[in-house]
Amino acid sequence: MSLKFMKIKISIFFLGLVCSLSAQNNEDTSGVSMETAEVQKDTVNNANKIKLDGIAAVIGDYVILDSDVEKTLIDLKNQGASTEDITKCQLLGKLMEDRLYAHQAVQDSLLVSDDQVNAQSDRQIQQLSTQIGSIEKMLKYYKKPDLESFRAELFEINKLRMLSEKMQGKIVQEIEVTPEEVRQFFYNIPEEERPVFGAELEISQIVKQPEPSDVEKQKVIDRLNGIKQDVEENDASFNVKAILYSQDPGSKPRGGLYTGVTKNSGYVKEFKDVAFSLREGEISEPFETMFGYHLMKIEKVRGQEVDLRHILMIPEVSEEALKKAATELDTIRQQILDGKYSFAEAALNFSDEKETKFDGGLLRNPINFDSKFELTKMDPSLYNQVRNIKDNEISRPIREDDPRGGAPKFKIMQITNRYDEHKADFARDYIKIQELALREKQFKAVQKWMKEKIEDVYIQVGYENKDCDFANNWVKN
């Protein structure tokens, strides 16, 4: 497979993730009954040449309507995506892939709970309403009569998407590439087709995190203890308390709810330690993590998973402490400029950021943990911080606010290396090439799985779509 072809296929794959958020799910629970689906199947089998009005395809228990394909195309255009090279056949093929993944996930018992789906939907509603301006404007924008109908549609969309993602994750979860496979992958790409990587930066930083006073910490602990007492002694609602007082924007709208928490989840250690030390219905004492102070209640224990609610409160930091942090960084900056320390030495001695201080302050790309950041793919907030910094120059203290509402931190930054746009080099770009090799191997595994499942699952393509040049053998020629 040429790299050019692989790039096209991968771009369609990720475009499909956007499509799945736009196209309405027509599972049997969203308006098309199983009885109707069976009638549709029989009609297709007995009269292939008669177009079934409105039905583009059937995948197992899922029905895709012609209007789904049209709606997906319109939504992509409304979102500003380029649709010039996207055909309706490609969109239909992607919608069919999503439903095949979801169908097989159910067969393999890779289920997602309603709480998980509702939590995701609530997060999306919060994000969309914030971006657009209000819930009312959001409903008007998406032409929905009320919030409940919008939430119901999001539920069906997210349920299908999450099932699809679980199935895809299962297919590729054990796939790895060896150094020899990476080497073969790279040298099998014709030199004229080797990828070109954009300009990249290596960035280092020294961070000072202002600390709240002991008095402010105790105020938060006392407030959380008061909430605990009110819930336990007066039967107050923990859910309502979380909505009113929690400073965790991710869980606040859901009454502090997190579902399906496991010991391998991405929560900080202190949070998981408390979660798995409590019994169902029990409320913790206030405890501290890097995010602030928490109060936790266990809603349900399911083997190695727990559903929980928590309330996060963040102690206030005084203006005096903020000014002190900025002043300290100014002093550190001047000491580096005077030659008293190198930037790496100053990071090790003075930075409050444990993740970077032992590596000379060097930032790691969260996507692949490489030290390089491609300019065109850099997080906008990071780009705004470094865009005016010259090579080896040290910035003045930069304030970075906490999106959760906590205390801001201050940093000084330095661009330690700059790499111009260049054609891929095996030694220099090994991590990126390894990522491409893994992606190709995963892609091949998915295609193999898709080919096998298409033969096993009931699939019917509407008459008018049978001439589509699908990437997969949907019409089972």
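Modeller: This is a predicted model. Start with Lys-354, which lies in helix α14, residues 354–357.

Biologist: Why is Lys-354 counted as exposed?

Modeller: Exposed means over 50% relative accessible area. Lys-354 has 67% relative accessibility, so Lys-354 counts as exposed.

Biologist: How far apart are Lys-354 and Val-207 in sequence and in space?

Modeller: In sequence, 147 residues separate them, while in space their C-alpha atoms are 9.5 Å apart.

Biologist: How do you know what span is expected for helix α5?

Modeller: The expected span is 1.5 Å times one less than the number of residues. Helix α5 covers residues 114–132 and has 19 residues, for which 27 Å is expected. From first C-alpha to last, α5 reaches 26 Å, which is close to that value.

Biologist: Which residues of α5 are buried?

Modeller: Buried means under 20% relative accessible area. Among the residues of α5 that are buried are Val-117, Gln-120, Asp-122, Ile-125 and Leu-128. After α5 comes Gly-133, with a positive phi near 130 degrees.

Biologist: What makes β1 and β2 a pair?

Modeller: Two strands pair if there are at least two bridges between them. Strand β1, residues 55–59, is joined to β2 by 4 bridges, so the two count as paired. They run antiparallel. Ala-57 has Ile-64 in β2 as its bridge partner, and Ile-55 has Leu-65. The hairpin of β1 and β2 has 2 residues between the strands, and Gly-60 in this hairpin takes a positive phi near 55 degrees.

Biologist: Which strands form the open sheet, and in what order?

Modeller: The order is β2-β1-β13, with antiparallel pairing. Strands β2 (62–65) and β13 (459–461) each have a single partner strand and stand at the edges, so one side of each has no neighbour in the sheet. On average, neighbouring strands are turned by 15 degrees against each other, direction ignored.

Biologist: How do helices α12 and α13 pack?

Modeller: Helix α12 (residues 319–337) and helix α13 (residues 343–350) pack at an angle of about 145 degrees, and their axes are 10 Å apart. Their crossing is right-handed.

Biologist: Which residues are in contact there?

Modeller: Contact means heavy atoms within 4.5 Å. Ile-332, Gln-335 and Ile-336 of α12 meet Phe-343, Ala-346 and Phe-350 of α13. By class, this contact has 5 nonpolar residues, 1 polar residue and no charged ones.

Note on methods
Residues are numbered from 1 along each chain as its sequence is written. This is a predicted model: local features need pLDDT of at least 70, side-chain atom pairs count only at pLDDT 80 or more; totals for chains, interfaces and linings use all residues. Side-chain values use heavy atoms; hydrogens and water are left out. Buried means under 20% relative accessible area, exposed over 50%, partly exposed in between (1.4 Å probe, protein chains only). Axes are lines fitted to C-alpha atoms, for helices over the stretch in contact, and angles run from 0 to 180 degrees between N-to-C directions. A crossing is left-handed if the near helix is turned anticlockwise from the far one by less than a right angle, and right-handed if clockwise. Ala, Val, Leu, Ile, Met, Phe, Trp, Tyr, Cys and Pro count as nonpolar, Asp, Glu, Lys and Arg as charged, and the others, Gly among them, as polar.
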